[in-house]
Amino acid sequence: MILINFLHVGIDDTDSPEGMCTTFLASQIINQLKENNVSIDGFPRLIRLNPFARHKTRGNGGVSFKIPLDNDIELAKEIILNAVGELSMFECDNTNPGVVFYEGEITSEMVDYAFKAIYEIITIDEAENFANKIGAEIHKFKKGRGIIGSIAAISLPLEDFTYELLAYRDKSKYGTERNIVRESVYRMDEETYPETFENIDYAEGYMAIEPKTPCPVLYGIRSNTVDALKKAFEMVEVEEDIVDCQIYKTNQHTDMHIQKADSIDQLRKFGCYEIIGTVKTLPKIIAGGHMFFHVADETGSIECGAYEPTKGFRKYVEDLRPGDVLRLFGGINENNTFNIEKFQLLEMNDVEYKNPLCKCGKRMTSAGKGKGFKCKKCGYKIKNNDKVEFKIDRNLEEGSFYETPVSARRHLSKPLCRMGFE
Ligand code: ATP
């Protein structure tokens, strides 16, 4: 048996809202490595971490790749460190790159660390101590916060995974409108969905493959398979140069951030969960268009939120009623509100109890406590105190899932099309 060992490389926190993208930087590095006869093994990885991390630029993603140890490792390290030093957005306070080199097997404590970086919040000191413990070589630029995500990007196992193809623009185009032929994206979606997904937000009528920021990415297409990505790439027409293109293996859209919780009292701030609860209050919309309601179980209750950017999803939420039993997927924000990403209506309460109808057709009123009902119109009285069950029409369907639209979906959220549902 030939045992190939690797130099694992993790890179994170190189970009800012004004520019750059760690995936582009890594792609530039991989090109330079190839030019210097240094090969990488398999696809580079784009790993999304805790969506509630405070210092994230956008989607809290770190990048990693593997270099077989029979390459010129010292040259590889030099190329990587020089590129991060030259291309990162250092002028932004919030950009604190970290590069991590690690040789050897991924151990179970590294896997635990990676899941902790998805489920919880980690400090720079904690990451540094962990790197020392496992014998990883860390390089901190400025505060070096990126080492937190870099170690996780190296360590996370990918049982379920997807791919993203990223096409990059010419530098002269950064910050300008992207020239993507809209109709070609619709055609691509028609031909390749559901093997590719998140291409278009049909409800809002916009191309989700196109970023809204001035970063180097022209577009990104997400898929279950590399073949579907290749087909999609051929179909999308653009009217500007693509200077580079890279396929990443990712944990995007796998629900890897979701932990199964048995009860509401187990939920913790900045964690993401699947939880079953019963609706206790009618959803209410507040100024700004955000919608809130409460769910409870025998251990407690929690406020749930569907925010304005989730647009049409709030229509489904609005239809919820006390007594509905839900399987909720989402995360606890800084206000201890559960941000809903999707829900399944497990049991629908479609029954309402009302006063009985009188034989004259008028709804009866109470005749006093324990005295039955009386009709104000014709004076008819009954002694029975029981209200009558009425079936009410509901717009939701028992058993069905409802998800936020593409435009508001988290990178880690598993869309229904990947769960085998439409
Ligand atoms: P982009 O998506 O545009 O690449 P980003 O949203 O990934 O940007 P970064 O610039 O990478 O944002 O910043 C995120 C920072 O948060 C990094 O320094 C990363 O190390 C750190 N980080 C990642 N996970 C955690 C965590 N669980 N706890 C604390 N910090 C984290």
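Reader: Which hand does the crossing of α6 and α7 have?
Author: This is a predicted model, in which local features need pLDDT of at least 70, side-chain atom pairs count only at pLDDT 80 or more, and totals for chains, interfaces and linings use all residues. Residues are numbered from 1 along each chain as its sequence is written, and side-chain values use heavy atoms, with hydrogens and water left out. Helices (H or I, at least four residues) and strands (E, at least two) are DSSP runs, numbered from the N terminus. A crossing is left-handed if the near helix is turned anticlockwise from the far one by less than a right angle, and right-handed if clockwise; that of α6 and α7 is right-handed.

Reader: Is α6 roughly parallel or roughly antiparallel to α7?
Author: The axes of the two helices (lines fitted to C-alpha atoms over the stretch in contact, with angles from 0 to 180 degrees between N-to-C directions) come within 9 Å and cross at roughly 155 degrees. Angles under 35 degrees count as roughly parallel, over 145 as roughly antiparallel, 65 to 115 as roughly perpendicular and the rest as oblique. The crossing angle therefore makes α6, relative to α7, roughly antiparallel.

Reader: Which residues of α7 meet α6?
Author: Contact means heavy atoms within 4.5 Å. From α6, Ser-184, Arg-187, Met-188, Glu-191 and Thr-192 take part. Their partners in α7 are Ala-228, Lys-231, Ala-232 and Met-235.

Reader: Within what arc do the buried residues of α6 fall?
Author: A residue is buried under 20% relative accessible area, exposed over 50% and partly exposed in between, for a 1.4 Å probe and protein chains only. In α6 (residues 182-192), Ser-184, Val-185, Met-188, Asp-189 and Thr-192 are buried. Seen down the axis, they line one face of the helix because their arc, taken from the directions from the axis to the C-beta atoms, is one of 140 degrees.

Reader: Which exposed residues does α7 carry on the face turned away from its buried side?
Author: Val-226, Ala-228, Leu-229 and Ala-232 are buried in α7. They fall within an arc of 155 degrees seen down the axis, so they line one face of the helix. What covers them includes β2, β6, α6, β7, β10 and β11. The face turned away carries Asp-227 and Glu-234.

Reader: How many bridges join β6 to β11?
Author: β6 (residues 162-169) and β11 (residues 242-250) run antiparallel. Thr-162 stands opposite Thr-250, and Tyr-168 stands opposite Asp-244. The number of bridges joining β6 to β11 is eight.

Reader: At roughly what angle do the axes of α3 and α4 cross?
Author: Glu-109, Met-110, Tyr-113 and Lys-116 in α3 meet Glu-126, Ala-127, Phe-130, Lys-133 and Ile-134 in α4. The crossing of α3 and α4 is left-handed. The axes of α3 (residues 108-119) and α4 (residues 124-134) come within 11 Å and cross at roughly 165 degrees.

Reader: What is the bridge partner of Ser-366 in β21?
Author: An open sheet of three strands has antiparallel pairing and the order β20-β21-β22. Its edge strands are β20 (365-366) and β22 (381-382). Two bridges join β20 to β21 (residues 373-374). In β21, Ser-366 is partnered by Phe-373.

Reader: What is omega near for the peptide bond from Tyr-193 to Pro-194?
Author: Most peptide bonds are trans. Pro-194 is found in the loop between α6 and β7. The bond from Tyr-193 to Pro-194 is cis, with omega near 5 degrees.

Reader: What is the relative accessible area of Glu-198?
Author: Glu-198 lies in the loop between β7 and β8. The residue is not a glycine, yet has a positive phi of about 65 degrees. Glu-198 is buried because its relative accessible area is 12%.

Reader: What relative accessibility does Phe-270 have?
Author: Phe-270 lies in the loop between β12 (258-260) and β13 (272-279). Its phi is positive, near 70 degrees, in a residue other than glycine. Phe-270 counts as partly exposed because its relative accessibility is 25%.

Methods. Two strands pair if DSSP finds at least two bridges between them.
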